[in-house]
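Here is a short tour to read with the structure open beside you.

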Amino acid sequence: FKDRAAGRPTPPVIGLDSLTEAQFLIRLGMAAAEADDSSKAVDPEMLSQRGWGKMGDRLAYDVSYLHPTFTGAHFIATAFENTKRGAFGAEDQRIRPSFQGAMGERLQKYFDFVVYVEHKPVRVDGKITPVHRYHFAPFGDFLIKNIYEDREVIPAYIDNPSWTDLQELATKAANMKGDK
């Protein structure tokens, strides 16, 4: 791949839009298989308690093997947001990725960054312009993970980044791993 604007090679990227939907589809497939295997199954779209654990393990396994260590590519995924306050205990009221079961807590462990993208309409010259602010620092009521936050190399947020901007951040992060 080449960064067309700069004429330099860029690392390959694997993108998944969205992990929330992938988890939903895995759950439906596993629930149907569970229903086929059991004459006691009441609902072919609902997992047993054991099935929930297996589903979480499967999604974690699938995501872990998309890591650059195995693929040689940066892995970027999106997820819906869970805005239910108190869903993870009264002490933690932050907005976080929306996953069923314990995956909302576990999945972030597989990523170097969990970024919150805020949609903000802004008035510029009398027109409403959408701004997508990518938050890399925890200055709000949302969950953020940035393994390089202490180094202050990556900005707290970026407005309307291009795909190239995000690739450059991912490359910068990958190059910093040896510095820790």
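Is Tyr65 buried, partly exposed or exposed? Tyr65 has a relative accessible area of 41%, so this residue counts as partly exposed. Please keep in mind throughout that this is a predicted model.

**Aromatic rings**

- The model holds 4 aromatic pairs.
- In one of them, the ring centres of Tyr65 and Phe70 lie 4.6 Å apart, and the pair is called tilted because the planes meet at 45 degrees.
- Phe70, at a relative accessible area of 52%, is exposed, because the cut-off for that label is over 50%.
- Tyr65 and Phe70 also belong to a cluster with Tyr61, linked through ring pairs.
- Tyr116 and Phe142 make a stacked pair, with 4.6 Å from centre to centre and 15 degrees between the planes.
- Tyr116 sits in strand β8 (residues 116-124), while Phe142 is in the loop between β9 (127-135) and β10 (145-146), so their pairing ties together parts that are 26 residues apart in sequence.
- Tyr116 and Phe142 are both buried.

- Which strands form the open sheet, and in what order? There are 3 of them, arranged β8-β9-β11 with antiparallel pairing.
- β8 and β11 (157-159) are the edge strands, and each has a single partner, so one side of each has no neighbour in the sheet.
- On average, neighbouring strands here are turned by 25 degrees against each other, with direction ignored.
- β8 and β9 run antiparallel and are joined by 9 bridges.
- Across that pairing, Val122 stands opposite Thr129 of β9, and His119 stands opposite His132 of β9.
- His135 has Tyr157 in β11 as its bridge partner.

**Two residues with positive phi**

- β8 and β9 form a hairpin with 2 residues between them, and Asp125 is in the turn.
- Asp125 has a positive phi of about 50 degrees although it is not a glycine.
- How accessible is Asp125? Its relative accessible area is 78%, so Asp125 counts as exposed.
- Asn160 is another residue other than glycine with a positive phi, near 45 degrees.
- Asn160 is found in the loop between β11 and α5 (163-176).
- With 42% relative accessibility, Asn160 is classed as partly exposed.

**Nonpolar cores**

- How many residues does the largest nonpolar core have? The count is 14, and the residues with the most contacts inside this core are Leu19, Leu59, Val63, Met103, Leu107 and Phe111.
- The elements that contribute two or more residues to this core are α1 (19-37) and α2 (49-64).
- Another core lies apart from this one and has 6 residues, including Phe136, Ile158, Leu166 and Leu169.
- To explore the surroundings of Val63, look for Leu19, Phe75, Leu107, Tyr110 and Phe111, which are its contacts once neighbours within four places in sequence are set aside.

Methods. Residues are numbered from 1 along each chain as its sequence is written. This is a predicted model: local features need pLDDT of at least 70, side-chain atom pairs count only at pLDDT 80 or more; totals for chains, interfaces and linings use all residues. Side-chain values use heavy atoms; hydrogens and water are left out. A nonpolar core is a set of buried Ala, Val, Leu, Ile, Met, Phe, Trp, Tyr and Cys residues joined through side-chain atoms within 4.5 Å. Buried means under 20% relative accessible area, exposed over 50%, partly exposed in between (1.4 Å probe, protein chains only). Helices (H or I, at least four residues) and strands (E, at least two) are DSSP runs, numbered from the N terminus. Contact means heavy atoms within 4.5 Å. Rings of Phe, Tyr and Trp (its six-membered ring) pair if their centres lie within 6.5 Å; planes under 30 degrees apart count as stacked, over 60 as edge-to-face and the rest as tilted. Two strands pair if DSSP finds at least two bridges between them. Axes are lines fitted to C-alpha atoms, for helices over the stretch in contact, and angles run from 0 to 180 degrees between N-to-C directions.
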